[in-house]
Amino acid sequence: MAGKVLPASEAVRLIQDRDTVVVVGSGWGVMEPSLLLEALQKRYAQTGHPRDLALVHIVGLGDRQGGGADRFALPGFVRRVIGGHWYWSVNLWKMACADQFEAYNLPQGVLSHLLRQIASGGPGVVTKVGMRTFADPRVEGGKLNKAASEDLVKVVTIEGDEYLLYKAFPVHATLIRGTTSDEQGNITFEHEGVCLDALAAAQAAKNCGGKVLVQVKRITETGTLMHPMMVKVPGILVDAVVVDENQRQTNDICFDPSLCGETRRPLETTPPMKMSERKVIARRAAMEIRPGAVINLGFGMPDGVGSVSAEEGIADLINLTIELGPIGGLPLLGRNFGIAWNPLAIVDQPSMFDFYHGGGLDITFLGFGQVDRAGNVNVSKLGGRIIGTGGFIDISQCSKKVVFCGTFTAGGMEVMVSDAGPRILREGRTRKFVQNVDQITFSGEYARERGQTVLYVTERAVFQLRPEGLTLVEIAPGIDIEQDVLAQMGFRPIVADDLKTMDMRLYRQSPMGLKNDLARAS
């Protein structure tokens, strides 16, 4: 083991010019191997090597302040970036927009599965995930700029049916993070809130003849790990181990034992959301939940559904999941998204997406940036900014029911919420319901063909994707349909003959009583 434990500055010397490097981690420091990334950036800044790397990160990685994937945002450092999500790496997506390297965005779950295909020597991932979206080569092929000329995705036909093939590529180095390493390099994750793609990424690098670099919090003697079942990455895959005694669970959280199952947090002490348009949207979305449902919560606006579920006392009647791996418990909000208090299980990310892709989700709650008359949704490219899809395509396309959650307009919208309903004090500068979305992250046409149930929930109106098109089905009390809804849209939707008024309980300070509603529905 002595030969494997190295200073970070020595470990990153294993990475060579033009290597394809997979970094496992998530936004805001979740399982991010930050010490390794810092050392790699420092080496390049001092020596100019390794250069022309191909960076692959499955999940959004960074802190919007120069960390994470933004460590690679130096001229000549990377020649290609394949990212599942770009929100956290501001400097990198600015370079991508300037065509300083080849930039691609592919679905998070597909990329997660692609690592396993690479590890097993397969040709790539064959799937319908991404059909009719910007990942489809007949649309954009996941290319984010003019520099991205190679086709990483192609259409294939199997027994007369069309699929997308996301092509495999060699992996030369993998950077991952765990909690403990023994003297043989066996890695455990007992203080992490997720496992992500650590094993798949390590196997992919090793079977391509590459190197696996691991950052941990501590070293222990061989035989002192509690049980071999705790080992997530075996030592036979590990080439270098770097110790960071100050490793945190996230940038905000040093260590919370309830995030990794060591203890349980009394969730009744979690403060409820403040009354706002955000809470109204989360409440209306939560009204779609049924007892026993397996649910996914997306990043941003939808994470309020978890908070509402706890406040309404229904969290134990449903099964909340997050694509990064937690099952059960209560997902954290905002920038700490991806981990959960009191999880019942934490599976690896490829396995979670196996379940999602196969149709295991009863309902998902996701955000939206733009919606158009065809029911298409854009969350991946807004106002010239590269945000990326993350798991959005995988999840929205494969769930039985999709509930998109968002405010009606964006950019300075002000709403006063009272028992009488919402009152629009000022509209946002940007329309979110537009004639045509800037990028198709969710295909309304494809959803209608497959008979998928799709809702679009805002603070003042609810729409449904019906066979005849996007249809206004509910409107908030006190809202003027012409002035506050139709005039704020870039197109005129179908208005349902049975247009309903949104539930008055949505706008009251007191809990709605959703537990009783679920009891009646069961």
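Author: N91 sits in helix α3, residues 90-97; helices (H or I, at least four residues) and strands (E, at least two) are DSSP runs, numbered from the N terminus. The model is predicted, so local features need pLDDT of at least 70, side-chain atom pairs count only at pLDDT 80 or more, and totals for chains, interfaces and linings use all residues. Residues are numbered from 1 along each chain as its sequence is written, and side-chain values use heavy atoms, with hydrogens and water left out.

With 36% relative accessibility, N91 is partly exposed, a class between buried, under 20% relative accessible area, and exposed, over 50% (1.4 Å probe, protein chains only). Neighbours within four places in sequence aside, N91 is in contact with G66, D70 and A73, where contact means heavy atoms within 4.5 Å. The C-alpha atoms of N91 and G66 are 7.2 Å apart, although 25 residues separate the two in sequence.

Next come two other helices. The axes of α4 (residues 108-120) and α8 (residues 349-357) come within 9 Å and cross at roughly 120°; axes are lines fitted to C-alpha atoms, for helices over the stretch in contact, and angles run from 0 to 180 degrees between N-to-C directions. The contact involves Q108, G109, V110, S112, H113 and R116 of α4 and Q349, P350, S351, F353, D354 and H357 of α8.

As for strands, an open sheet of 4 has the order β12-β9-β10-β13, with mixed pairing; two strands pair if DSSP finds at least two bridges between them. The edge strands, β12 (218-219) and β13 (231-233), each pair on one side only.
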